[in-house]
Amino acid sequence: AECPAIMPRCLWGARPYRGTPAPLQPPLGSVFLHHTLEPSRPCQTFGACARAMREMQRFHQDTRGWDDIGYSFVVGSDGYLYEGRGWHWVGAHTKGYNTQGFGVGIVGDFTATLPDPDTLALVRDELLPCAVRFGHIRPDFILRGHRQLGHTDCPGNALFEEIQSWPGFQ
């Protein structure tokens, strides 16, 4: 399994983290899958995805009052992963479970439709095996949709149905 390219924060124009981030203790046992809902349309270009990242970070910091963008990583439909809090810092993606797993958001609203096959493959066939190989998550990791751990429809009905066939889903 190849490791996918991860766009670092400096390339998408991230603001600084507020305060002092809390370190994660890898390997973690879980991955939590999300859809961003806003923006609701998948981003198809680096420019659109970088803009979406800045908008999400602004919403998470200014409206929600969080220290940073909540997700560990965000997946665009441009073929790239975007670093949120990354491999090393506790996120704000799955209330009550942030220290136990990585939160991966896919840009778009996947209530009725799925991300394109390349975007799904980027997460399922590249990100997850890479995370195991480099010791970020345990080989016996558990994959869950956000809705399994909170009162939400996230990651959308279509995406939630899709991930039930993925390795690690429980």
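C43 and C49 form a disulfide, with their sulfur atoms 2.0 Å apart. A disulfide here is a pair of cysteine sulfur atoms within 2.5 Å. By this rule the count comes to two disulfides. This is a predicted model: local features need pLDDT of at least 70, side-chain atom pairs count only at pLDDT 80 or more, and totals for chains, interfaces and linings use all residues. Residues are numbered from 1 along each chain as its sequence is written, and side-chain values use heavy atoms, with hydrogens and water left out.

**The C43–C49 disulfide**

- The torsion about the S-S bond of C43 and C49 is about 100°, so this disulfide is right-handed.
- C43 is buried, at 4% relative accessible area; buried means under 20%, exposed over 50%, and partly exposed in between (1.4 Å probe, protein chains only).
- C49 is buried too, with a relative accessibility of 1%.

**The C3–C130 disulfide**

- C3 and C130 also form a disulfide, and their sulfur atoms lie 2.1 Å apart.
- This pair links distant parts of the chain, 127 residues apart: C3 is in the segment before β1 (6-7), and C130 is in helix α3.
- Helices (H or I, at least four residues) and strands (E, at least two) are DSSP runs, numbered from the N terminus.
- The S-S torsion of C3 and C130 is about 95°, so the disulfide is right-handed.
- C3 is partly exposed, with a relative accessible area of 32%.
- C130 counts as buried, at 7% relative accessibility.

- With the bonded cysteines numbered in sequence order, the pairing is 1-4, 2-3.
- C154 is in no disulfide; the nearest cysteine sulfur, that of C43, is 16 Å away.
- C154 is buried, with a relative accessible area of 7%.
- The sulfur of C10 is 16 Å from the closest cysteine sulfur, in C49, which is too far for a bond.
- C10 counts as exposed, at 65% relative accessibility.

**The cavity**

- A search of the whole structure finds one cavity of 30 Å³ or more.
- On a 1 Å grid over the protein atoms alone, a cavity is a set of points where a 1.4 Å probe fits but cannot get out; lining residues have an atom within 4 Å of a point.
- The largest cavity has a volume of about 40 Å³, where a volume is the space filled by probe spheres set on the grid points, joined across faces, edges and corners.
- Its lining includes V31, F73, W87 and I137.
- Helix α3 (117-133) and strand β5 (101-106) each supply at least two lining residues.
- The largest share, three residues, comes from α3.

Terms used. On a 1 Å grid over the protein atoms alone, a cavity is a set of points where a 1.4 Å probe fits but cannot get out, and a pocket is an open set with protein on both sides within 12 Å along at least five of seven lines; lining residues have an atom within 4 Å of a point.
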